[in-house]
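Subject: Structure handover

Hello,

Here is the structure for your set. My notes on it follow below.

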Amino acid sequence: IMGLAICCSDDNRTIASEVGLYGENGYVVTFDPHHSPDGKKGQDNRPGNSVLKPTRVVLLSKGKNKQENKKSTVVSNGRPSKKTDAGDDKGELSFFEVSGDFKIPNEILDDTEVNTLLDATAMKEIIEYFIQDKDNYIEMKKTKELTVLIKEGTELGENVRLMKAITTISGKYSFSNIARLLVDYDTRSSWDSTTNEAKILKRYSKHLITYLEVINIPMIFMDNREFLGKQAIFASGNSVYVYTTSIPDSFSPIRSGLTRGHTLLTGIKITRMDHEILMETVSQMDFKMSFPLALVGGKMADGYEKYRTELTAKLDLSLIHI
């Protein structure tokens, strides 16, 4: 689960106030030909005319300049690293390539995503926005291989903390098997110590699943947290992206002794560098609990570091190398 992220929430998913117009689900009402019902320019996307735009419109308008000057060299934990030529990973990346009509089916959109077109382009852009965003983060941990940052709320949820982790995994591990391991909920509880239970509910395709996961809460007076989610994995450029959000609670009744959490967004970007894998993660999960950052921030960072150690150990144990 990328480490236990203890967050606070009033279940309010708020959009940046400067935009001005809001739909009934909390999403910005806009005019966008890419998401209009018939693709015509100037299509009115207000409620009643079938399309509500999600926060990606706001995020993209705010984050455009952050991505305009992307170059072949990126920074990995403060150290410039050069992306490898895609040739070595071309075969592995091809497995994750999606067709132009790939999108999240309406029936597994949660109440904050209703009437939203979530195709690979939209999901990638949402993940990239938060990866590129550098505003108002507090550094919780920095080592040679890992940086963990915390932000007190975002456009997706102003009262739910977002954790950003930038880590490198050295060695010639299989690029595609790292990606597959991240989305394999049928084995998650065998190597991720924060996971009490995990299983795939439905496999829609090699790119999309729904899942159930129970997260251990290390406090004897609190219930473990259960999450229902959808997870999409796809390639774009030289990277693989993993996009995760919740699905409606109706897909599985809440079980006795558990509290249902909500995943606003967990996004992962995996890119092979010269001699290592760069894994960038943003995670905003509502655990339905509230603790001061001073109390839990360090534990969140330590939790991700432990997760990274367990992930690497699983790769070593499986002898997944190229």
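Lys288 is partly exposed, because its relative accessible area of 33% falls between the 20% and 50% cut-offs. Its salt-bridge partner is Asp286, with the closest N and O atoms 3.1 Å apart. Asp286 has a relative accessibility of 1%, so Asp286 counts as buried. Bear in mind that this is a predicted model.

Salt bridges

The structure holds 13 salt bridges. Two further pairs deserve a look.

Take Asp133 and Lys151 to begin with. Their side chains meet in a salt bridge, at 2.5 Å from N to O. The two residues sit in distant parts of the chain, 18 residues apart. Asp133 is in the loop between α3 (120-132) and β3 (137-142). Lys151 belongs to strand β4, residues 146-151. Are these two residues buried or exposed? Both Asp133 and Lys151 are buried.

Next, Arg255 and Glu197. This salt bridge has an N to O distance of 3.3 Å. Arg255 lies in the loop between β9 (239-246) and β10 (258-260), and Glu197 in strand β6 (residues 195-205), so the pair ties together parts that are 58 residues apart in sequence. Arg255 has 32% relative accessibility and is therefore partly exposed. Glu197 is at 24%, so Glu197 is partly exposed as well.

Which residues are linked with this pair in a network of salt bridges? The network consists of Glu197, Glu226, Asp249, Arg255 and Arg260.

Nonpolar cores

The largest nonpolar core has 40 residues. Ile270, Met279, Tyr304 and Leu311 have the most contacts inside it. Which element gives this core its largest share? Helix α6 (residues 293-318) does, with eight residues.

A hairpin of two residues connects β6 to β7. Ser205 has Leu208, in β7, as its bridge partner.

Strand β11 spans residues 262-272 and includes Thr271. At 2% relative accessibility, Thr271 is under the 20% cut-off and so counts as buried. The side chain of Thr271 makes a polar contact of 2.6 Å with that of Ser239.

The chain as a whole

The chain has six helices and twelve strands. It runs to 322 residues, and 55% of them count as buried. What share of the contacts between residues at least 6 apart in sequence joins residues at least 24 apart? The figure is 64%. The chain exposes about 14,100 Å². Carbon and sulfur atoms supply 51% of that area.

Best wishes

Key:
Residues numbered from 1 in each chain as written. Predicted model: local features only at pLDDT ≥ 70, side-chain atom pairs only at ≥ 80, totals over all residues. Heavy atoms only, no water. Core = buried A, V, L, I, M, F, W, Y, C linked by side-chain atoms within 4.5 Å. Buried < 20%, exposed > 50% of the residue type's maximum accessible area, 1.4 Å probe, protein only. Helix = DSSP H or I, 4+ residues; strand = E, 2+ residues; numbered from the N terminus. Salt bridge = Lys/Arg side-chain N within 4 Å of Asp/Glu carboxyl O. Contact = heavy atoms within 4.5 Å. Areas by Shrake-Rupley, 256 points an atom, 1.4 Å probe, with all protein chains shown as cover. Pairing = 2+ DSSP bridges. Polar contact = N/O pair within 3.5 Å; in protein donor to acceptor, adjacent residues only side chain to side chain.
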